[in-house]
Amino acid sequence: MAKVGIVMGSDSDMKIMSKAADVLEELGVEYEMTVISAHRMPDVFFDYAKSAENKDYKVIIAGAGMAAHLPGMCAAIFPMPVIGVPMSSKNLEGVDALYSIVQMPPGIPVATVAIDGAKNAGILAAKILATSDAALLDRLKDYAKGMKDAVQKKSDKLAKVGYKQYIKEL
């Protein structure tokens with residue numbers, strides 16, 4: 001099965017980026033996760049991005065905060081899709097990372113999800129892979145149905161017990 005590379009600039013991003021790994025596992029998508037700083041270890045980063053295609057990665061999910069160069073640099077080197085996850089920070093709450101990732105120069109696209117949106121990055125990576133994997137597409141359809149069913153169950157409960165009781169049970 002095609003693989004996804006998940007890379008982040010710091011282990012402090014792990015709590016958020018693990019959400020991409022969790023959804024990929026749930027959907028049966030093989031991935032590898034690593035921590036590489038584009039700024040503090042550029043040689044290691046360059047090797048990672050250059051070798052990703054040979055490792056059979058089809059998509060890279062790159063999470064970064066602050067200057068957020070990791071996703072863009074992956075996209076500059078890796079010839080296949082890169083999904084950027086802007087990470088929140090204490091200074092500018094992730095808006096700096098969002099702008100850095102989404103404002104790429106022409107010819108270097110990075111698909112960008114919400115600040116701390118690693119779960120959506122995992123789903124988007126799976127959707128990209130599903131364009132050539134019918135079984136994965138079926139699993140994504142089942143995943144979407146599961147989300148719909150969960151919301152319907154909550155709506156049914158609300159209708160049954162009323163909002164005051166519903167809130168007490170939250």
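**Close-up views of a predicted model**

Of the 170 residues of the chain, 38% count as buried. The coordinates shown in every view come from a predicted model.

**View 1. Overall fold of the chain.** The secondary structure comprises six helices and five strands. Read from the N terminus, the elements follow the order β-α-β-α-β-α-β-α-β-α-α. The C-alpha trace extends over about 60 × 40 × 30 Å along its principal axes. Among contacts in the chain with a separation of 6 or more, 64% are between residues 24 or more positions apart.

View 2. Five strands are arranged in the order β2-β1-β3-β4-β5, and their pairing is parallel. Helix α2 (residues 42–51) lies across β1, β2 and β3 and runs at about 165° to β1.

**View 3. Strand β3 and its two neighbours.** Strand β3 covers residues 57–64, and seven of its eight residues are buried, so the strand is largely enclosed by the rest of the structure. Six bridges connect β3 with strand β1 (residues 3–8), and the two run parallel. Strand β4 (residues 82–86) is joined to β3 by five bridges, again in a parallel arrangement. Isoleucine 61 of β3 is the bridge partner of isoleucine 6, and isoleucine 61 also stands opposite isoleucine 83 in β4. Glycine 63 has valine 85 of β4 as its bridge partner.

**View 4. The β-α-β unit that contains β3 and β4.** Strand β3, helix α3 (residues 70–77) and strand β4 together make a right-handed β-α-β unit. Within this unit, the parallel strands β3 and β4 are linked by five bridges.

**View 5. Packing of helix α1 against helix α5.** Helix α1 (residues 14–26) and helix α5 (residues 118–130) pack at an angle of about 35°, and their axes are 7 Å apart. The crossing of α1 past α5 is right-handed. On the α1 side, Ile16, Met17, Lys19, Ala20, Val23 and Leu24 make the contact, while α5 supplies Ala118, Lys119, Gly122, Ile123 and Ala126. Classified by residue type, the contact of α1 with α5 contains eight nonpolar, one polar and two charged residues.

View 6. Serine 89 is located in the loop between β4 and α4 (95–102). The relative accessibility of serine 89 is 19%; buried means under 20%, so serine 89 counts as buried. With residues up to four places away in sequence not counted, serine 89 touches Met66, Gly94 and Asp96.

**View 7. Aspartate 142 on helix α6.** Aspartate 142 belongs to helix α6 (residues 134–169). Its relative accessible area is 56%; the exposed class begins over 50%, so aspartate 142 is exposed. Aspartate 142 and leucine 27 are separated by 115 residues in sequence, whereas their C-alpha atoms are 9.5 Å apart in space.

Methods: Residues are numbered from 1 along each chain as its sequence is written. This is a predicted model: local features need pLDDT of at least 70, side-chain atom pairs count only at pLDDT 80 or more; totals for chains, interfaces and linings use all residues. Side-chain values use heavy atoms; hydrogens and water are left out. Axes are lines fitted to C-alpha atoms, for helices over the stretch in contact, and angles run from 0 to 180 degrees between N-to-C directions. Helices (H or I, at least four residues) and strands (E, at least two) are DSSP runs, numbered from the N terminus. A crossing is left-handed if the near helix is turned anticlockwise from the far one by less than a right angle, and right-handed if clockwise. Contact means heavy atoms within 4.5 Å. Ala, Val, Leu, Ile, Met, Phe, Trp, Tyr, Cys and Pro count as nonpolar, Asp, Glu, Lys and Arg as charged, and the others, Gly among them, as polar. Buried means under 20% relative accessible area, exposed over 50%, partly exposed in between (1.4 Å probe, protein chains only). Two strands pair if DSSP finds at least two bridges between them. A crossover is right-handed if, with the strands pointing away from the viewer, the path from the first strand over the helix to the second runs clockwise.
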